[in-house]
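The exercises below concern the geometry and contacts of one protein chain in a model. Each task is followed by a solution in steps.

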Amino acid sequence: MSRDTLSRAEPVTPKQRAPQRRQRRASRTEARNRRAAAGFVLPFLALFGLCFIAPIVYAVHQSLYKTERTGPLGLGGREHEAFAGLANYAHALSDDRFLTGFGRVLLFGAVQIPLMIVLATTLALLLESAGARGITFFRSAFFLPYGVPGVIASILWGFLYVPGISPLVKIADSIGWDVDFLSRGTVLWSIANIVTWQFTGYNMLVLIAQLKAVPGELYEAARIDGATAWQVARHIKLPLIRPALVLTCVFSIIGTLQLFAEPMVLRPLASSIDSGFTPNLHAYSEAFVGNNQHVAAAEAVLLALVACVLSFGFLRLVGGRAKERG
Amino acid sequence: MTSNPMHRRTVLGGAAALAAGFALAGCGDSGDSDGDAPRERKKGQKINLTFWSWVPGIDKPVDLWNRQNPEVQVKVEKVSAVNGEQYAKMHAAIKAGNPPDLGQIEFPVIPSFLLDNGLLDLAPLGAARHKDKFFGWQWQQSVFGKGIYAVPQASGPMGLFIRQDLFDKWGVQVPGTWDDYEAAARAIRKKGAWIETFAPTNGNRFSGLAWQAGAKWYGTHGDTWIVNIDDEPTRKVADYWESLVKQKLVKTIPDRQNAWYKDLQTGAIPAWVGASWGDALLVGNAPGTKGKWRAAPLPQWKAGGKVFANWGGSTTAVFAKASYPKDALDFAVWLNTDPRSIALLIDGGYGFPSAKKGYATTDLDVDKDFFGGQAYSKIFADAGAHVDTSWQWGPGVDTLYQRLGDAFTDALADGSSFRSVLKKVQGQTLADLKGKGLKVESGG
């Protein structure tokens, strides 16, 4: 899971001082091993190339072309693809709605990710603390929402948000609190709530897995030194689960940028969600409503670039800080 | 969506997921259209045609056809009609080079399919000889230049649905004009209910209302498209609804979703400017209000006027790659004109027939009890006969609806005028069509 465990594995090299014959045999074995390895890796590489590399190459290719039409009114003539250079990118970047969508998911990430990670860490620490009871039950219960597909989760929460149907709105009404979960100002945070509900348990589980890997002697030593539970958490557990925290943050950053299912499902219920609410939704609308696949491809590539920059930027940031400290 | 370990492999972002679709779509992209030239069926040869549709109960007339025509078997494949998904699928299939033989396509989106060269021109097959079987303006919806691109199936003449019991109880008259409608809205608001919702995302209905007011959003001049969304009639409609919204006489929730259905069920919204197909929608979603609804003509701009518009309506189109176009056309004409087929379609609730003959208007009163015994289809038949038939659709209407929805949503949020919406959408639509490589001019 973490980088530590990977770097600990040492490469096995054939010993140099063995007699020649043995060496030859060894190299034959090595060749056979290599073939066997290739046999195992090939299916993965084939699928990886077909399902991952090829679509990306195709998307980049599509993003550089445009459709040209001939014939009266553009009807009836043959349409053909023409090289467009970066015109699609320029078009995407000059679209206010697309850029606003980026701003929206960045705001979303800046608020929701820290909140969710803090919550997940707290739950993980509580469930792994010495005095915790009913651990298995709570662990499963917190993790359960992750098993609900995002679309279903959004439909469920949709029912809890829509006025006239939602018991939450009804209760709020009865105590004189006028809430609208789907208004322009609130809908982003209603979505944040769905995402938090869904993924806190998952992140919690990743952190718990890392906590389990902390050697028991450390706790023992801390106890002998008279550390309180808070001190153990602060000075032993948190520093040691750092790799898992970094991992969950990176996944969350990428996931946030790709936000799609929740706004897509809530859109018919809330007129406050427009066709470019998130960059992914904007690309979808371009491709499947406007039938402008080329522009959509450019937008998807831009989205991928931003995800790359943010993820690696984040890794760099936390990596740099670790070095300063270390 | 967030933080899934799978996403490590898709670090390069949404590109992969989106592009996967394109990759599939791209396979048959390169000029293979000449490979399968249309064929003529030999006598006695058995063929299969596929037909994509979402109309409830469409399989019944198709079954009938299949029994009568053992040599030309039609297979219905149901497609989802939520948020235009069916068209996304059809466009993708055209791009991939494997569309079905026939498809259900609504009037407004026919030009979008023509941009793809997706539909077969039926004129060379002699489709014009069927023209007189249909209402003229509906036939015209799929005629562009010399080409005939679809066979009309049904239309959606607009009308007003009201809760008669509540109108009576509150002493509100059924509005005959839009001024009356505003007065009714005010009276109903005083009783704590809202006459209606102005759904900002419903560009479809807004276009119908503009149509009634005399707007002409699209036109052609030579080989140039004329776009004119920001015209005087549309401004009149925009001003009208803006005033209702600003006076807080109408809600602004989206229509045809749970909250709206709930309002219909409880009477919190006692009216709906809808269309002929709306009967099935009300029956299905507010069954508890049975017997309390009535249909009335769409309010008029001039007292005593008889100007109506259309919302919805669709066709049976033959895709450009159909292997047996002649048989596909025969089926499309039979489906929409044969009296037995029409009877089965009416049972399924498909809308208002485009065919002139083969049924009686009273046959359409399927939900008479729901409307307290009213022969409500007469209202819509009357409206259908007075639809301004010069209205024409242009390419990219799906995008136009989305633009309108986005712009109205913005306007509701920041209080800007509805006229600014029209101005904005006009500009965007010109840019969109130019972006599609079309010659286009502003009509203003």
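**Exercise 1.** Determine how helix 8 and helix 15 of chain B are oriented to one another, and which residues form their contact.

*Solution.* Step 1: helix 8 (residues 203–213) of chain B packs against helix 15 of chain B at an angle of about 95°, and their axes are 9 Å apart. Helices (H or I, at least four residues) and strands (E, at least two) are DSSP runs, numbered from the N terminus. Axes are lines fitted to C-alpha atoms, for helices over the stretch in contact, and angles run from 0 to 180 degrees between N-to-C directions.

Step 2: helix 8 of chain B is therefore roughly perpendicular to helix 15 of chain B, a class that covers 65 to 115 degrees.

Step 3: helix 8 of chain B contributes G203(B), N204(B) and F206(B) to the contact, and helix 15 of chain B contributes L400(B), Y401(B), L404(B) and G405(B). Two residues are in contact if their C-beta atoms, placed from the backbone, lie within 7 Å.

Step 4: by class, this contact has four nonpolar, three polar and no charged residues. Ala, Val, Leu, Ile, Met, Phe, Trp, Tyr, Cys and Pro count as nonpolar, Asp, Glu, Lys and Arg as charged, and the others, Gly among them, as polar.

The model is predicted: local features need pLDDT of at least 70, side-chain atom pairs count only at pLDDT 80 or more, and totals for chains, interfaces and linings use all residues. Residues are numbered from 1 along each chain as its sequence is written, while chains are lettered from A and ligands numbered from 1 in the order in which they are written.

**Exercise 2.** Describe how the two domains of chain B meet.

*Solution.* Step 1: domain 1 of chain B spans 44–155 + 312–369 and domain 2 spans 158–310 + 389–442, with bounds from an automatic or database domain assignment.

Step 2: their contact takes 20 residues from domain 1 of chain B and 17 residues from domain 2 of chain B.

Step 3: on the domain 1 side, helix 4 (110–115), helix 5 (136–140) and strand 11 (310–318) of chain B each supply at least two residues. Helix 4 of chain B gives the most, with four residues.

**Exercise 3.** Characterise the side of chain B that touches chain A.

*Solution.* Step 1: 53 residues of chain B are in contact with 65 residues of chain A.

Step 2: helix 1 of chain B gives the most to this side of chain B, with nine residues.

Step 3: by class, this side of chain B has 21 nonpolar, 24 polar and eight charged residues.

Conventions
Angles under 35 degrees count as roughly parallel, over 145 as roughly antiparallel, 65 to 115 as roughly perpendicular and the rest as oblique.
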